[in-house]
Amino acid sequence: MDEFIDEPIEVESEPRSSNPKSFVWRGARYDVAEVVQAWQDWRVPEFAKHARGWLHRRHRNCFVVRTTDAQVFELYLDRGFGKRDWVLFKRRAQ
């Protein structure tokens, strides 16, 4: 079963993209061996279905990564209005 985390993290990304190279979560560093999947999330959150403007939409770059110790995580870069925050969303079951 996946482990829901939803905590802010520090990320080092590749110079010409937002692809994560490593991240720090709860004091431990995780090096990314592979970006398994990447997509953009521009949906309107469930709690804001009444708001259809672009400002209310999510602006996230989402990634599924495999670390050098073979763990799989889902994380995203929140690019909302005035934001550039990285969040560790969940650890996927192996």
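**Figure 1. E7, at 22% relative accessibility, counts as partly exposed.** The view is taken from a predicted model. The side chain of E7 meets that of R26 in a salt bridge, with an N to O distance of 2.5 Å. E7 belongs to strand β1 (residues 3-8), while R26 sits in the loop between β3 (20-25) and β4 (28-41), so the pair ties together parts that are 19 residues apart in sequence. R26 is exposed, its relative accessible area being 60%.

**Figure 2. The side chains of E12 and K21 meet in a salt bridge.** The N to O distance in this pair is 3.4 Å. E12 is partly exposed, with a relative accessibility of 37%. K21 is likewise partly exposed, at 36%. This contact may be viewed against the whole structure, in which a search finds 9 salt bridges.

**Figure 3. E74 and R92 form a salt bridge.** The closest N and O atoms of the two residues are 2.9 Å apart. E74 lies in strand β6 and R92 in strand β7, and the pair links distant parts of the chain, 18 residues apart. E74 is buried, with a relative accessible area of 10%. R92, by contrast, is partly exposed, with a relative accessible area of 26%. Both residues also take part in a network of salt bridges that links D2, E74, K90 and R92.

**Figure 4. Seven strands form an open sheet with antiparallel pairing.** The order of the strands across the sheet is β1-β7-β6-β5-β4-β3-β2. Strands β1 and β2 (10-13) are the edge strands, each pairing on one side only. From one strand to the next, the twist averages 30 degrees. In general, the strands of a sheet pair through backbone hydrogen bonds, in either a parallel or an antiparallel sense. Within this sheet, β3 and β4 pair in the antiparallel sense over 4 bridges. W25 stands opposite A28 of β4.

**Figure 5. F4 and F89 are one of the 8 aromatic pairs that the structure holds.** The ring centres of F4 and F89 are 5.6 Å apart and the ring planes stand at 90 degrees, so the pair is edge-to-face. The two residues link distant parts of the chain: F4 is in strand β1 and F89 in strand β7, 85 residues apart. F4 is exposed, at 57% relative accessibility. F89 is partly exposed, at 25% relative accessibility.

**Figure 6. The rings of W25 and Y30 have their centres 6.2 Å apart.** The planes of these two rings are at 40 degrees, so the pair is tilted. Both W25 and Y30 are buried. The two residues belong to one aromatic cluster, formed by F23, W25, Y30 and F73.

**Figure 7. R60 lies over the face of Y76.** The distance from R60 to the ring centre of Y76 is 4.1 Å. The view shows a charge over a ring, a kind of contact distinct in definition from the salt bridges and aromatic pairs of the preceding views.

**Figure 8. The side chain of S18 makes a polar contact with the side chain of N61.** The contact distance is 3.1 Å. S18 is placed in the loop between β2 and β3. Although S18 is in a loop, its relative accessibility is 18%, and S18 therefore counts as buried.

**Figure 9. F81 is found in the loop between β6 (72-78) and β7 (85-92).** F81 is exposed, with a relative accessible area of 74%. That value is over the 50% that marks an exposed residue, which explains why F81 is placed in this class. F81 and H59 are 22 residues apart in sequence, and their C-alpha atoms are 8.5 Å apart in space. The strands on either side of this loop, β6 and β7, are those that hold E74 and R92, respectively.

How values were computed. Residues are numbered from 1 along each chain as its sequence is written. This is a predicted model: local features need pLDDT of at least 70, side-chain atom pairs count only at pLDDT 80 or more; totals for chains, interfaces and linings use all residues. Side-chain values use heavy atoms; hydrogens and water are left out. Buried means under 20% relative accessible area, exposed over 50%, partly exposed in between (1.4 Å probe, protein chains only). A salt bridge is a side-chain nitrogen of Lys or Arg within 4 Å of a carboxyl oxygen of Asp or Glu. Two strands pair if DSSP finds at least two bridges between them. Axes are lines fitted to C-alpha atoms, for helices over the stretch in contact, and angles run from 0 to 180 degrees between N-to-C directions. Rings of Phe, Tyr and Trp (its six-membered ring) pair if their centres lie within 6.5 Å; planes under 30 degrees apart count as stacked, over 60 as edge-to-face and the rest as tilted. A charge sits over a ring if NZ of Lys or CZ of Arg is within 6 Å of the ring centre and within 35 degrees of the ring normal. A polar contact is a pair of N or O atoms within 3.5 Å; within protein, one must be able to donate a hydrogen and the other to accept it, and residues adjacent in sequence count only if both atoms are side-chain atoms.
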